Amino acid sequence: MKISIIGTGYVGLVTGTCFADLGNNVICLDTNESIIEGLSKAKIPFYEPGLEDLIKTNLDRGNIRFTSSYEDAISFAETIFICVGTPEDDKGSADLSFIQDVVIKISDNIKDKDRHLTVFIKSTVPSGTCSSVQDKFDELLQHSQSKVVVASNPEFLKEGSAVADFMKPDRIIVGTDDSNVSKLAERLYRPVNWKSNRLKVVSVEAAEIIKYSANAFLATKISFINEIAKLCDAVGADIAEVRTGVGLDPRIGNHFLYSGLGFGGSCFPKDVRALINTFTENSIDTEILKAVIEVNDNQLDYFISKIYSIYTPKELKKKTLCVWGLSFKPETDDIRESLGLKFINSISRQVKHINAYDPVAMTKAKESLSNIDNITFSKDSTEALEGADALVITTEWREFWNPDLEYLKVLKDQIIFDGRNILDKKLLEENEFSYFGIGR
Ligand code: UGA
């Protein structure tokens, strides 16, 4: 099939590339010409394992190309996926202006013709958006022979494993009441769905709510376990043991029950806040979601209070902290709402110096932290330890899990604050380190 993807962020680029890899002909459109120029040479503007190679393979095969021209993308398409961003506006709701622009551009490019197009909205949009986008298309095309049918097809990929998530989906949600659209979706997703059918056709409204509820529920699990972790700290229990015991109940499961610095990234914080606003707009209160955000917002302070339980403010002012991890989670260079960056921003003035290291997010982090003058960006994790008094772990990159104890011994105070609970507390304590996790 001929597919046009509007927007080459995580969702658009992964969707377009994977559809191309499944044998479709794909055009990905972005209005940013320098991004398009890079993508045409298989250079992606972010780190996502496996994606660049897959783009290269499909560029070589001629299955994918990149453009900034709406005329090009829309004249080509049999079906369109809208994948533009819906960033948070100043009231905490999803800003739909990019979607609105795309609707006008698509209409402008088909109104003088006789086209019948299905437009899937993959961007994360609040309840009611697909229906209002449908109304807008109907209005813009009312004097034309062309017709657009809008459907919802939310995305559930995770950064760091996005290609695998697309190729082996746990679910494919399609929001439509049009049987031709559901048949089209079944055809598009058949190569990744034939083994075990995970495609669920629901109403447009339900599809939109499924997306937000899924993210909000996962965020709720994280805030819940972070609260239990505080209780573990207070009574001397180990959150890892508690999580194992609780998670063995198959009704609960052990996923997303890892306590730490809280959730970051471009999705959970923004989506939970947007969902709260959708509740408010519908005159319904939501105590749970507000508490999820509140617990998350307080988690960093809770972690920092552990540092102050060891050092007085005066002592801390003389200390150099080594910080491992700047991306919001491993396997990505995405620093949006990164707890590592938030940690550095809040502690930098209270310490003498910070040595920071991340395996892939250094360039973005340097730019974001350019206002901080007492920071050194180290070339690797061991260099970052040199001259440091204590180690702070803020992202659980694989290479941080099993550090050589000899290297750790360069820490002048032999103290480790583990914001992701990844190190072996017992082993460290046996080797005379002081170890502070979250709930351990
Ligand atoms: C999330 C969802 O997991 C995806 O299903 C969804 O498609 C995506 O948002 C989206 O809406 O686009 P992502 O933001 O890539 O994916 O990251 P997650 O792996 O979900 O992690 C989010 C945050 O939660 C990270 O900061 C992570 O460190 C934190 N987390 C995760 C915990 O603190 N504890 C856990 O047990 C799990």
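**Buried sites, a helix face and the ligand shell**

With a relative accessibility of 9%, D333 counts as buried, the cut-off for that class being under 20% relative accessible area. The structure described here is a predicted model, and in it D333 is placed in the loop that runs between β9 (320-324) and α14 (339-347). When residues up to four places away in sequence are not counted, D333 touches Y10, F46, Y47, S327, V360, A361 and K364. One of these residues, K364, is also joined to D333 through a polar contact of 3.3 Å between the two side chains.

Apart from neighbours within four places in sequence, the residues in contact with Y308 are P313, L316 and Q350.

Helix α6 comprises twelve residues (residues 129-140), and the span from its first C-alpha to its last reaches 16 Å, which is close to the 16 Å expected at 1.5 Å a residue. Within α6, the residues T129, C130, V133, Q134 and F137 are buried. Viewed down the axis of α6, these buried residues fall within an arc of 140 degrees, so they line one face of the helix. An α-helix has 3.6 residues a turn, so residues three or four places apart point the same way. The packing partners of the buried residues of α6 are α5 (97-110), β5 (116-121), β6 (147-152) and α9 (204-235).

Helix α9, named among those partners, also contributes to the surroundings of the ligand, where it gives the most to the shell, with three residues. In total, 20 residues surround the ligand, and the closest of them are F156, L157, E159, K211 and N215. For L157, a polar backbone atom lies 2.7 Å from an oxygen atom of the ligand. On its own the ligand has 720 Å² of accessible area, of which the protein covers 91%. The elements that supply two or more residues to the shell around the ligand are α9 and α11 (268-281).

How values were computed: Residues are numbered from 1 along each chain as its sequence is written. This is a predicted model: local features need pLDDT of at least 70, side-chain atom pairs count only at pLDDT 80 or more; totals for chains, interfaces and linings use all residues. Side-chain values use heavy atoms; hydrogens and water are left out. Helices (H or I, at least four residues) and strands (E, at least two) are DSSP runs, numbered from the N terminus. The expected span of a helix is 1.5 Å times one less than its number of residues. Buried means under 20% relative accessible area, exposed over 50%, partly exposed in between (1.4 Å probe, protein chains only). The arc is that of the directions from the helix axis to the C-beta atoms. Contact means heavy atoms within 4.5 Å. A residue is near a molecule or strand if one of its heavy atoms lies within 4 Å of it. A polar contact is a pair of N or O atoms within 3.5 Å; within protein, one must be able to donate a hydrogen and the other to accept it, and residues adjacent in sequence count only if both atoms are side-chain atoms. Accessible areas come from the Shrake-Rupley method with a 1.4 Å probe; for residues, only the protein chains shown count as cover.
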